[in-house]
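Let's take a friendly walk through this structure, one topic at a time. Have a look at it first, and then we will begin with a pair of charged side chains.

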Amino acid sequence: MGRPGSRLVSSGSIRWSWVKLLSGMVGKGLLPCFTFSRQQNVIYLLLEVIISSWLLFHSQGIIERDETPMEKEIARLHRVDFEFSDIFYFCRKGFEAIVEDEVTQRFSSEELVSWNLLTRTNVNFHYISLRLSVVWGIGVIVRYCFLLPLRFTLAAIGITSMIVGTTMVGQLPNSSVKNYLSEVVHLTCSRILVRALSGTIHYHNKENKPQKGGICVANHTSPIDAIILTNDGCYAMVGQVHGGLMGVIQRAAVKACPHVWFERSEMKDRLLVTKRLREHVADKSKLPILIFPEGTCINNTSVMMFKKGSFEIGGTIYPVAIKYDPQFGDAFWNSSKYNIVSYLLRIMTSWAIVCNVWYMPPMVRKEGEDAVQFANRVRSAIARQGGLTELPWDGGLKRAKVKDTFKEEQQKNYSKMLVRNGSVGSLSTGTESD
Amino acid sequence: MEKVNRSRDKQKGKKDTTAEVFSHSQITRLYSRFTSLDKGENGTLSREDFQRIPELAINPLGDRIINAFFPEGEDQVNFRGFMRTLAHFRPIEDNEKSKDQNGPEPLNSRSNKLHFAFRLYDLDKDDKISRDELLQVLRMMVGVNISDEQLGSIADRTIQEADQDGDSAISFAEFVKVGKLHFYLLNETAHPCFLHTLT
């Protein structure tokens, strides 16, 4: 059974991604002092070590689940209406859930098939060889002493120019010149910030890029998702007003281009939120809204339930699938474990952020389809495109308890079987034919 | 990682059969599962830690299953206890039957599995399943969908069929004789449904 959507990465594809990545970095001028041939030696040494230290981490789960539904499983034992052995079905499901469940594993980082020389992904430490440890040590030095200061400087430049640029553009009167300049500023600053994270992004199907007056929905893995998308086009962001540095950026950005920021109190009022978003969408000259309907960060192996609010606004939905390559760095933000600062530090000391972005053809709500069904349809499309599994569970389960209605559903199903098999109240004459 | 070594060494030192039931890699995976459930990071799991698993929280028998992990009167379970309870559900392999006839019975033997199931019903541990205890389990499984009278008659009928010494309660021996239960367990060993791990 295992976790569908994960795959064993072949050594060939690792080699190719490394070559692509490093040549990309050279091309973008991040490592101008290295000549290409010296770099090639570094690449091949790394590759040789990674391949020879192949940690056979099977990406399948620890248990093989039996997926026969309740009705079949219990019914095949049944002649009379209740058996002591009925509890075994529930027991088994319970034990399977305890050993490995589909939901809680999505709230922690994905396990890698082979080690990528970062300690943080080395779940089961095995000392392999001195050479590997030396290479790992060199990697640490490269990442912390060379890449980190470089990236930090770039990030600082990016954020400063974003604040300064948008404030300056915000002074201009509303006109097409202002819109054009604000686009230029946003794009440039995004590009600097993506370089700051050593991001290598592949955009697919650019012809489906979100248009003005539409709503862009995407799966959510980290706060970086927004930067990844604005690297290629301008969007109107939706979110809560924050304090601190984030608040400064928000206030500056909204002067240049109409983002939609809500106060914390306003967020609770769903009607108000929907109304404001609807107004924004109705104005065809405004930029497409960017929304993450999952509501929380998921670890990029699956897509969880989409909240229906975004799909009630109307308008055209432009789905976007984002898939990070975990081999180069883990982009997932585990907000219960790390705060934003340590998260950014981890991102900036990874090898790189490599991801694929697929723009998908626009979707609209069909006749007779309600918001929930529409949300599920969009979710399936995104999951299929990105190679992620689909889960009907709510991402909010990261923090909240599951609703009792699900348990009641299970109880109802079992009761139906109990009452159906023998008619209750009459003496059973079942034969024991095993 | 030192924690795993320490706990495994402790087990080896005390000749606990639990460690021998699982392979090295299974223990490692179970330990990383244990630590991911242990949000308080104090080396033990509480009932709330189990309740945080959504698929277990919606299981009608979830609370009973969770109780099975906790020894009498305690609120915390350590890794050894965790593994011990999970060991009950490991499929019986043929090569284990011939091993060590004089040693302690393996945790996942048929009779130990039956004992485990019996204990799920028998809350007060008096080695009998009374009508009330059976009703309690039935009520957990059906929720509010069946009336008290109907449930009562189901319980009465079940006890009537299995009861042989006429005391209106099921003892362990009578429990074992219930044909279907045996059949299911036999079926279970042929079809390894649990802890079929790779590597």
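Which kind of link do the side chains of Lys209(A) and Asp232(A) meet in?

## A charged pair and its neighbour

They meet in a salt bridge, 3.7 Å from N to O; the term stands for a side-chain nitrogen of Lys or Arg within 4 Å of a carboxyl oxygen of Asp or Glu. Lys209(A) lies in the loop between S1 and S2 of chain A and Asp232(A) in the loop between helix H7 (224-230) and strand S3 (236-240), so the pair ties together parts that are 23 residues apart in sequence. Asp232(A) is buried at 10% relative accessible area, while Lys209(A) is partly exposed at 28%. Here buried means under 20% relative accessible area, exposed over 50%, and partly exposed in between, with a 1.4 Å probe and protein chains only. Lys206(A) joins these two residues in a network of salt bridges.

## How to read the model

This is a predicted model, in which local features need pLDDT of at least 70 and side-chain atom pairs count only at pLDDT 80 or more, while totals for chains, interfaces and linings use all residues. Residues are numbered from 1 along each chain as its sequence is written, chains are lettered from A and ligands numbered from 1 in the order in which they are written, and side-chain values use heavy atoms, leaving out hydrogens and water.

Over all chains, a search of the whole structure finds 15 salt bridges. One of them links Arg106(A) to Glu102(A), with the closest N and O atoms 2.7 Å apart. Arg106(A) is buried at 1% relative accessibility, whereas Glu102(A) is partly exposed at 21%.

Lys275(A) also forms a salt bridge with Glu279(A), and their closest N and O atoms are 3.6 Å apart. These two are four residues apart in helix H10 (residues 270-282) of chain A, which means that about one helical turn separates them. Helices (H or I, at least four residues) and strands (E, at least two) are DSSP runs, numbered from the N terminus.

## The sheet in chain A

Seven strands of chain A form an open sheet with mixed pairing, in the order S1-S8-S7-S2-S5-S3-S4. Strands S1 (199-204) and S4 (260-262) stand at the edges with a single partner strand each, so one side of each has no neighbour in the sheet. Two strands pair if DSSP finds at least two bridges between them. Strands S2 (residues 215-218) and S5 (residues 289-291) run parallel and are joined by three bridges. Cys216(A) stands opposite Leu290(A) in S5(A).
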